[in-house]
Amino acid sequence: MTKEIKQALIKYTEETLMNSVYRSSLYDEESRIKIRYGGSGSGKSHAVMQEVMLKLLTLSGHNAVIIRKVEKTVAKSTFPKAKKVLSEMLGEARDEFCRFKEQPFEIKFWNGNKAIFIGLDDVEKLKSLEFEEGVATMIVLEEATEFVEADLDEIERRQRGQSTYTKQIYIMFNPINILHWLYSRFFKGIQELGSYREDERHIYYDNVVYDKELKKEHRIQVSILKTTFRDNANLDDEDRAKLLVIKDPVQRMVYVEGEFGVLSEAMSIIDYSDMLASTEIDLKTEPDKKLIFGIDVAGDGKDSSEIRCSYDGEE
């Protein structure tokens with residue numbers, strides 16, 4: 001790929017394919033964590049895939065890992081999305097610059113860069129973050145609300161090694177619940193930080209870690225961009241209407257306005273303390289038996305059923 005083709009590809013992607021709200025952060029090399037969240041139809045997942053594929057095509061030394069929580073969803077989500085984005089960028093010339101493989105899902109680029117697509121059903125799959133050449137410079141968590149916090153902790157530990165680029169993690173999600181760990185980890189109390197700052201659309205702040213051995217601070221910059229369907233020029237009137245007719249206040253808050261969902265008075269947080277207390281009594285009175293219990297939550301939790309049984313190891 002010549003320098004002229006690269007320049008034309010970058011220009012075409014930025015000016016024609018990419019929604020304008022995402023262009024300003026395209027080459028943000030300061031942020032270690034890039035959070036893209038908001039409402040349904042905002043184009044955030046597509047924009048991140050455009051950014052990642054563009055870097056893989058035009059900048060040697062990049063490798064990417066695109067992750068879903070469940071392996072079986074890769075074949076129908078992230079992998080075809082990447083192929084679609086590359087087709088939009090390159091047209092009929094796509095297969096001249098990219099080689100696609102399934103089982104495992106991966107894309108090899110003309111310049112030696114590589115993208116792999118995995119599910120995180122088993123944390124051992126994170127060994128795939130290692131590459132024959134270079135390191136994982138970009139990791140993408142698609143539908144991040146499906147992950148548990150321990151997944152991200154392990155991903156951060158595994159993304160290591162020297163690179164000329166900032167090693168970045170992209171996190172995309174709909175803000176379904178303010179009680180989710182993503183809110184407490186990346187949003188709660190950030191306005192009180194001295195490093196907190198905003199521009200027209202983005203929020204930036206630094207997580208500071210002190211290295212006692214080297215006696216120095218490490219600053220990990222986080223950038224946050226919230227978008228809604230209003231930022232996506234690729235939606236037609238019917239797409240927009242489907243969102244605007246949503247009447248449920250919580251769904252409207254999340255999927256239309258891109259705000260974190262908050263439990264209403266009509267919703268219940270179910271208290272199982274009585275059940276757990278009685279189970280503790282069983283454990284004391286029958287210490288040699290294996291206790292098994294299950295919960296069937298119906299409706300809003302007010303009509304739940306509990307089943308308990310004990311097993312002594314004999315038929």
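Helix H2 passes helix H3 in a right-handed crossing, a crossing being right-handed if the near helix is turned clockwise from the far one by less than a right angle, and left-handed if anticlockwise. The helices here, at least four residues of H or I, and the strands, at least two residues of E, are DSSP runs numbered from the N terminus. Two packed helices are described by the angle between their axes and the distance between the axes. For H2 (residues 44-58) and H3 (residues 78-90), the angle is about 65° and the axes are 9 Å apart. The axes are lines fitted to C-alpha atoms over the stretch in contact, and angles run from 0 to 180 degrees between N-to-C directions.

Please keep in mind that this is a predicted model, in which local features need pLDDT of at least 70 and side-chain atom pairs count only at pLDDT 80 or more, while totals for chains, interfaces and linings use all residues. Residues are numbered from 1 along each chain as its sequence is written, and side-chain values use heavy atoms, with hydrogens and water left out.

Which residues bring H2 and H3 together? On the H2 side they are Ser-45, His-46, Met-49, Gln-50, Met-53, Leu-54 and Leu-57, and they meet Thr-78, Lys-81, Ala-82, Val-85, Leu-86, Glu-88, Met-89 and Leu-90 of H3, where contact means heavy atoms within 4.5 Å. By class, this contact has nine nonpolar, four polar and two charged residues. Ala, Val, Leu, Ile, Met, Phe, Trp, Tyr, Cys and Pro count as nonpolar, Asp, Glu, Lys and Arg as charged, and the others, Gly among them, as polar.

At 1% relative accessibility, Leu-54 counts as buried; buried means under 20% relative accessible area, exposed over 50%, and partly exposed in between, with a 1.4 Å probe and protein chains only. Leaving out residues up to four places away in sequence, Leu-54 touches Leu-9, Ile-10, Thr-13, Leu-26, Tyr-27 and Met-89. Leu-54 and Met-89 are 35 residues apart along the chain, with their C-alpha atoms separated by 8.4 Å.

Now to the charged side chains. With a salt bridge taken as a side-chain nitrogen of Lys or Arg within 4 Å of a carboxyl oxygen of Asp or Glu, the count comes to 21.

| Pair | Closest N to O |
|---|---|
| Glu-146 and Arg-68 | 3.2 Å |
| Arg-94 and Asp-95 | 3.1 Å |

Glu-146 is partly exposed at 36% relative accessible area, whereas Arg-68 is buried at 10%. Glu-154 and Arg-157 both lie in helix H5, three residues apart, about one turn of the helix. Buried residues include Arg-94 at 16% relative accessibility and Glu-154 at 17%. A network of salt bridges links Glu-29, Lys-34, Glu-51 and Lys-55.

As for the whole protein, it has nine helices and twelve strands, and 42% of its 315 residues count as buried.
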